[in-house]
Amino acid sequence: MSSQASTAASETIDGFHLVIDALKLNGIDTIFGLPGIPITDLTRMAQAEGMRVISFRHEQHAGNAAAAAGFLTQKPGICLTVSAPGFLNGLTALTNATTNCFPMILISGSSEREIVDLQQGDYEEMDQLAIAKPLCKAAFRVLHAEDIGVGIARAIRSALSGRPGGVYLDLPAKLFAQTMDAAAGKRSLIEVVDPAPRQIPAPDSVQRALALLKGAKKPLILLGKGAAYAQADAEIRELVERTGIPYLPMSMAKGLLPDTHEQSASAARSYVLAEADVVMLVGARLNWLLSHGKGKTWGNEKAMARQFIQIDIAPTEIDSNVAIAAPLIGDIGSCVSALLGGVDKNWAKPPADWTGAIADRKDKNLSKMAETLAKNPSPMNFHSALNVVRNIVKDNPEAMLVNEGANTLDFTRSIVDMYLPRKRLDVGTWGIMGIGMGFAVAAAVTTGKPVIAIEGDSAFGFSGMEVETICRYNLPVCVVVFNNNGVYRGTDVNPSGTADVAPTVFVKNARYEMMMQAFGGVGVMASTPAELDKAMREAVASGKPTLINAIIDETAGTESGRITSLNPSTAKK
Ligand code: ADP
Ligand code: TZD
């Protein structure tokens, strides 16, 4: 029954139903949120109107779920929160989504404008719109029921067009109860047409990029999560294969081509970054994750001779860190297709001394890695545990992989191969902890595939309570907590001699698996690779919510994983 029909007797429609109908009209069928005044009834009514409403224990995780859903589906993920504190809890996720270029809309109820603006002390009073504005891509407030259609259309278009990002939509409590004529209400809704129009690159930019690629002796393609988001998988693969150029995937671009692809240079990453003479960035920014395109990572003085081609939808990204010789502004599908137009049968593959040198290094590094993975130390270390995860992902390439932590993140990224696009979700551009369970819920809800979440024990703690959410919706999520008794490691000692443990140390031998058992899920402790393998395979096969407490050597791991150099006390002056 449509909401119009349900209100037909009075021939009016209220703000609640206008919001729901506007979302549904735009193909949005899921809300991630947490109920309370003034949006409790909105969650109830949305469910009654056939939307999926996934209710969380903390808004940050609902927001993270919305962001991940946006990345996976190219539709803005919706997070719904109450006023002030709920809004603020959701705001971290909204800002993280914006930082990662994921489309999402945070919809928050808010208190009465008259009281907020005179600061008269309303329940959960806060000028939310003003606070959200600098932290996201766009922010809007709707005061009148007849503007709900426009408000939601603007939010959707802002989230999706150009560089995707987070949008805030402020809906004051009074709006929901407003009514208007049902037919006029229906007419006021907008179905957004072509929210992310193709942006065709200028022909001369395409020629400039092709000329650079053709002249390269040591070309390299760098695929970022923008390329994964763009869903131009076939074109990207064709460009890589037809040009024969080696490529490196950033962490969330892994699987765009299978990591086992012969042109993947992942196992020779340091070598290719330091040596490449022409680097084509495809939906990847030259931020800290790529050492800003300069310095030791890029071979120091050799960098002077390096030239960049950058494909991006955001023109102002160009030259943000180093000079870009050939910017290619447009959507990735259109840009890559345009480049393919210039890659004909006569295209000369990269010189064999370049591809050969990469292959040699790959072989060497991969056999070194195989040796390390084959070891079976007791207790388990990151490598022996991740060897299990690696094999399980290989056998279940459809599964989604969520990953956070420090060492747990760095080792998983390099050890666990991905085979299909958009299967890996992680801490992204900020390196934020706490995305784990929110991303896992979104991955399960939007794909219906098994989800494997590989979590550092510290990282898991940020969203651990959402295991109840996973059990409540009976989601096929297998959480593996890499338990080494602390942040990075579990061995730090309090130098002062007082009774407190060191700031990085947790309760020893914590029984994380019991958290899942508490809500009716499966909890297993795994001390050996064989136990981990058995538990993970059972979890993936059964689809039952599962938490595996994987006991990792507490001396394993390094401070901050691979970004020790960013610690102020150890950073180079
Ligand atoms: P990574 O962290 O994987 O290196 P980034 O998040 O730094 O990737 O970069 C993603 C880039 O992709 C952003 O600059 C963004 O503007 C761009 N982008 C996102 N979607 C598209 C698209 N459809 N077409 C072109 N560029 C896109
Ligand atoms: N808070 C937030 C929101 N994000 C962060 N990145 C941090 C704190 C700092 N931090 C890291 O950068 S990694 C990490 C923290 C607290 C946890 C590392 O410990 P872990 O992983 O147990 O999750 P490993 O595998 O034991 O290193």
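Which backbone N or O atom lies 2.8 Å from a nitrogen atom of ligand 2? I put this question to a predicted model, and I found that the atom belongs to G431.

**Entry 1. Ligand 2**

I continued with the polar contacts that the backbone makes to ligand 2. M433 has a polar backbone atom 3.1 Å from a nitrogen atom of ligand 2. For G486, I noted a backbone N or O atom that lies 3.1 Å from an oxygen atom of the ligand. I then looked up the cover: ligand 2 on its own has 600 Å² of accessible area, of which the protein covers 76%.

Next I listed the surroundings. There are 17 residues around ligand 2, and those that come nearest are N407, T408, G431, D457 and A459. I asked which helices each supply at least two residues of this shell. They are α18, which spans residues 407-415, and α20, which spans residues 457-461. I recorded α20 as the element that gives the most to the shell, with three residues. Sorted by class, the shell around ligand 2 has eight nonpolar residues, eight polar residues and one charged residue.

**Entry 2. Ligand 1**

I turned to ligand 1 and looked up its surroundings. It is surrounded by 20 residues, and R163, K225, R285, D312 and I332 are the closest. Which helix gives the most to this shell? I found that it is α12, residues 225-229, with three residues. By class, I recorded nine nonpolar, six polar and five charged residues in the shell around ligand 1.

I then looked up backbone contacts. A backbone N or O atom of K225 lies 2.7 Å from an oxygen atom of ligand 1. G283 places a polar backbone atom 3.3 Å from an oxygen atom of the ligand. At I313, I noted a polar backbone atom 3.1 Å from a nitrogen atom of ligand 1. How much of ligand 1 does the protein bury? Taken alone, the ligand exposes 580 Å², and I recorded that the protein buries 96% of that area.

I noted the crossing of α17 and α18 as right-handed.

I also looked up α2, residues 15-25, and α3, residues 40-48. Their axes cross at roughly 50 degrees and come within 10 Å. That angle makes α2 oblique to α3. Is the crossing of α2 and α3 left-handed or right-handed? I recorded it as right-handed.

**Entry 3. Backbone geometry**

I looked for peptide bonds in the cis form. One of them runs from I37 to P38, with omega near 5 degrees. I located P38 in the loop between β2, residues 30-33, and α3. The peptide bond from S378 to P379 is cis as well, with omega near -5 degrees. P379 has its place in the loop between α16, residues 352-374, and α17.

I then looked up phi at Q74. The value is near 60 degrees, which is positive in a residue other than glycine. Where does Q74 lie? I found Q74 in the loop between α4, residues 59-73, and β4, residues 77-81. I noted these entries because most residues other than glycine have a negative phi and most peptide bonds are trans.

How values were computed:
Residues are numbered from 1 along each chain as its sequence is written. Chains are lettered from A and ligands numbered from 1 in the order in which they are written. This is a predicted model: local features need pLDDT of at least 70, side-chain atom pairs count only at pLDDT 80 or more; totals for chains, interfaces and linings use all residues. Side-chain values use heavy atoms; hydrogens and water are left out. A residue is near a molecule or strand if one of its heavy atoms lies within 4 Å of it. A polar contact is a pair of N or O atoms within 3.5 Å; within protein, one must be able to donate a hydrogen and the other to accept it, and residues adjacent in sequence count only if both atoms are side-chain atoms. Accessible areas come from the Shrake-Rupley method with a 1.4 Å probe; for residues, only the protein chains shown count as cover. Helices (H or I, at least four residues) and strands (E, at least two) are DSSP runs, numbered from the N terminus. Ala, Val, Leu, Ile, Met, Phe, Trp, Tyr, Cys and Pro count as nonpolar, Asp, Glu, Lys and Arg as charged, and the others, Gly among them, as polar. Axes are lines fitted to C-alpha atoms, for helices over the stretch in contact, and angles run from 0 to 180 degrees between N-to-C directions. Angles under 35 degrees count as roughly parallel, over 145 as roughly antiparallel, 65 to 115 as roughly perpendicular and the rest as oblique. A crossing is left-handed if the near helix is turned anticlockwise from the far one by less than a right angle, and right-handed if clockwise.
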